[in-house]
Amino acid sequence: MMHGFGYGWGMGFGWIIGIIILLIILWLAFKVFRPNNEQSSISQKTPLDILKERYAKGEIDKEEFEQRKKDLEN
């Protein structure tokens, strides 16, 4: 009476759901254990690089840039 009912969809597409779950787990593992590029690039910047960025963004004017640059060179 219920011959094959309920088995067709699960047997045919069940493995796809398993693969999707596996891919999500792998993606999360790589995201968690891979070093964050933004944080590593920030830690590699020198004080002069940060000063130049602040000047380029307009956070400090030319006079303040030059003074702080002199302070860093000494």
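**Salt bridges, an aromatic pair and a nonpolar patch**

Glutamate 53 is partly exposed, with a relative accessible area of 32%. Partly exposed covers the range between buried, which is under 20% relative accessible area, and exposed, which is over 50% (1.4 Å probe, protein chains only). The model is predicted, so local features need pLDDT of at least 70 and side-chain atom pairs count only at pLDDT 80 or more, while totals for chains, interfaces and linings use all residues. Residues are numbered from 1 along each chain as its sequence is written, and side-chain values use heavy atoms, with hydrogens and water left out.

What does glutamate 53 meet in a salt bridge? The partner is the side chain of lysine 45, at 2.9 Å from N to O. A salt bridge here is a side-chain nitrogen of Lys or Arg within 4 Å of a carboxyl oxygen of Asp or Glu. Lysine 45 is partly exposed as well, with a relative accessible area of 31%.

The structure holds three salt bridges in total. Another one joins arginine 54 to glutamate 59, with the closest N and O atoms 3.0 Å apart. Arginine 54 has a relative accessible area of 29% and is partly exposed; glutamate 59 reaches 49% and also counts as partly exposed. The remaining bridge is between the side chains of glutamate 64 and arginine 68, at 2.7 Å from N to O. These two residues are separated by about one helical turn, because they are four residues apart in helix α4 (residues 62-73). Glutamate 64 is partly exposed at 29% relative accessible area, and arginine 68 is partly exposed at 35%.

The protein has four helices and zero strands, and from the N terminus on its elements run α-α-α-α. Helices (H or I, at least four residues) and strands (E, at least two) are DSSP runs, numbered from the N terminus.

Next come the aromatic rings. Rings of Phe, Tyr and Trp (its six-membered ring) pair if their centres lie within 6.5 Å; planes under 30 degrees apart count as stacked, over 60 as edge-to-face and the rest as tilted. By this rule there is one aromatic pair. Tyrosine 55 and phenylalanine 65 form it, and the pair is stacked, with 4.8 Å centre to centre and 25° between the planes. The pair links distant parts of the chain: tyrosine 55 belongs to helix α3 (residues 47-57) and phenylalanine 65 to helix α4, ten residues apart.

Leaving out residues up to four places away in sequence, leucine 48 touches Lys69 and Leu72, where contact means heavy atoms within 4.5 Å. Leucine 48 is partly exposed, with a relative accessible area of 28%.

The surface can now be taken as a whole. Of the 74 residues of the protein, 4% count as buried. The protein exposes about 7,100 Å², and carbon and sulfur atoms supply 64% of that area. Accessible areas come from the Shrake-Rupley method with a 1.4 Å probe; for residues, only the protein chains shown count as cover.

A nonpolar patch on the surface includes Phe13, Trp15, Ile20, Trp27 and Phe30, and its residues together have about 1,200 Å² of accessible area. Patches are made of residues with over 30% relative accessible area and no salt bridge: like charges are joined within 9 Å, nonpolar side chains (Val, Leu, Ile, Met, Phe, Trp, Tyr) within 5 Å. One member, isoleucine 20, is found in helix α1 (residues 8-33). Isoleucine 20 is partly exposed, with a relative accessible area of 44%.
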